[in-house]
Amino acid sequence: MMRSAGQERATSDRLAAWFVAKGATRVEADILLPAETLLDLYGEDIRARAYMTVDPVQGEMMLRPDFTVPVVQQHMAGGAEPATYAYSGPVFRKQDSAGGRPSEYHQAGIEIFRRDHPEDSDAQVFALIAEVLGEAGLPLRPVTGDIGILMAAVRGLETSTRRKQALLRHIWRPKRFRALLDRFSGRAPVPKARKDLLDRLAQGSPVDLIAQAGTFTGLRSEAEIAARAEALIEDAQTPPLRAPEAALLYDLLSLQAPSRAALDHLHGIAPMLPAILPAVDRFAARLDALAARGIDTDTLPFEASHGRTSLEYYDGFVFSFHAEDPALPPVASGGRYDALTAVLGQGRSIPAVGGVIRAGLLARLTGGQP
Amino acid sequence: MIKIGVPSKGRLMEKTFDWFGARGITLRLAGAEREYAAAVDGVEGVELVLLSAGEIPRELAAGRIHLGVTGSDLVREKLADWSRQVTELAPLGFGHADLILAVPVAWIDVDTLDDLDAAAAAFRATHGFRLRIATKYHRLVRDFLTSHGVADYQLIDSQGATEGTVKNLTAEAIADITSSGETLRANHLKILSDALIHSSQAVLFLSHAADWSDADRATLAALGDKLNVTVPKT
């Protein structure tokens, strides 16, 4: 079907106006953004997904891949608290496969910056998006998750800080996270390459081994290399995760159930994994807040691993709305990103949650009905 | 008329000529020395075009040539979703080279991607920027590192003398093509044990975008018979 740019923009602006009618303040954001912030945040992966260009004075620039980062930056630069923002405009994403997904499309979104009652803000964003999508009359399937529960479970593990940090660093990369967890729990054997490496490291002091290895080159210093060599030896002596603890974490990763049933399940395992209790309490409070806004939490799907994709920064509640065709991207998605505001806030931070609607996709699915 | 693009100089050209020659098709230079004119004997309806190996992927994607010989690494690097744009008709058995990741030999703590990832995290915390990997194979390296969940690195463009970037302190590691590893050793670098990104060789490719008339299809079938290569029906 032909994409109609005018129709897409009209739908997007109408959605933003709807958010404004619900109390949000309309904000604008630049399309050309300094690349460095986004590269530091997302890593090299964003280069494959965002359009880069070079400004003769400002250096590497990026065509806006999403609104969240510039809106957070605007707010951190002096927005009043609490604040609810709405926006509408084009975003740009390279599509590396010839699958026909647009590389330029409109997003309409809402972001809430508020310190008290975070669960209520979560519920508010979800319920507003559910309501406006509901008005379009589409049978969209919502999915929710909570990365905060998973992070709390990792922080509560009885293991070394280094192992916990490694798991937390890869929480958005499920494959690598799983490989680390398999190794830390003793489910995967120590790879031969690592065994050989440890054998070699046992043959002398790191400084001697570095000297024997040959001519030293590069910026990574002898001290850095020695520190990691010592960390490897220390890690090899770290006992595996206790089997029950590991089993609970695997259980948590695969948890998929209607929200209330998921809550019951989490209450069931919390005594054995007490570190997740505060996060489970927040989950319970969020369900109550969602129910108070008319969402049926008995049937609302919950998946503990939902939202764990790279190019995301969510660290709490996450959600998305899907059309029947699984080949389509989500019609709407969002989540809580408290840590992002700290990264962008230069020492300051504020709890924040938001969501976006792909206006063009919505317009297409509704056959252009406004 | 089917146009076949072949590397315009060096061993790659000679080996390609040999490969076709052994199958009864003579590719040869025509005209004056240094003139990029060529001829094909042994099959009707095929025109030889001499091109830089690096440009052949683009020419195939654009459909300006029907067939082309170039490195499998170049096609994967230069063409997005390459297998939708070209088909590999036959590996030619020469031009072998491996795209690998290499780090300084002094990195006694790094042997695998797992180690590289952990070293990158510590490096970023210490130096305040992401660990730099010099390469000209941006797409292949990034896709490989993404699929293996390596983070906290950045790619630095290096179109030549890539092994020297570590010594010059413009990169911490490199990703490059190597056949014997001699240049790596000479520059005090070692290959990661589990980071073979792509094992490349010269391949005969078919363009999907080229204009395939009925006559061209018949020519392709005849060529396929001679070369003992299975060609697509459509």
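Predicted model: local features only at pLDDT ≥ 70, side-chain atom pairs only at ≥ 80, totals over all residues.
Residues are numbered from 1 along each chain as its sequence is written, and chains are lettered from A in the order in which they are written. Local features need pLDDT of at least 70, and side-chain atom pairs count only at pLDDT 80 or more, while totals for chains, interfaces and linings use all residues.

**Exercise 1.** Find which residues of the largest nonpolar core touch the most other members.

*Solution.* 
- Start with the term: a nonpolar core is a set of buried Ala, Val, Leu, Ile, Met, Phe, Trp, Tyr and Cys residues joined through C-beta atoms within 7 Å.
- Buried means that 20 or more other C-beta atoms lie within 10 Å of the residue's own, with C-beta atoms placed from the backbone.
- The core has 80 residues, and A:Ile149, A:Ala153, A:Val331 and A:Ile357 touch the most other members.
- Now take A:Ala153. Leaving out residues up to four places away in sequence, A:Ala153 touches A:Leu249, A:Leu252, A:Leu273, A:Ala275 and A:Ile276. Contact here means C-beta atoms within 7 Å.
- A second, separate core has 40 residues, including B:Ala106 and B:Leu145.

**Exercise 2.** Work out which strands pair with strand β1 of chain B, and in what sense.

*Solution.* 
- Strands are DSSP runs (E, at least two residues), numbered from the N terminus. Two strands pair if DSSP finds at least two bridges between them.
- Locate β1(B): it spans residues 2–7, and five of its six residues are buried.
- Strand β4 (residues 46–51) of chain B pairs with β1(B) in the parallel sense over six bridges. Here B:Ile2 stands opposite B:Val46.
- Strand β5 (residues 67–71) of chain B also pairs with β1(B) in the parallel sense, over two bridges. B:Ile4 has B:Leu67 as its bridge partner there.

Notes: Buried ≥ 20, exposed ≤ 12 C-beta atoms within 10 Å, placed from the backbone. Contact = placed C-beta atoms within 7 Å. Helix = DSSP H or I, 4+ residues; strand = E, 2+ residues; numbered from the N terminus.
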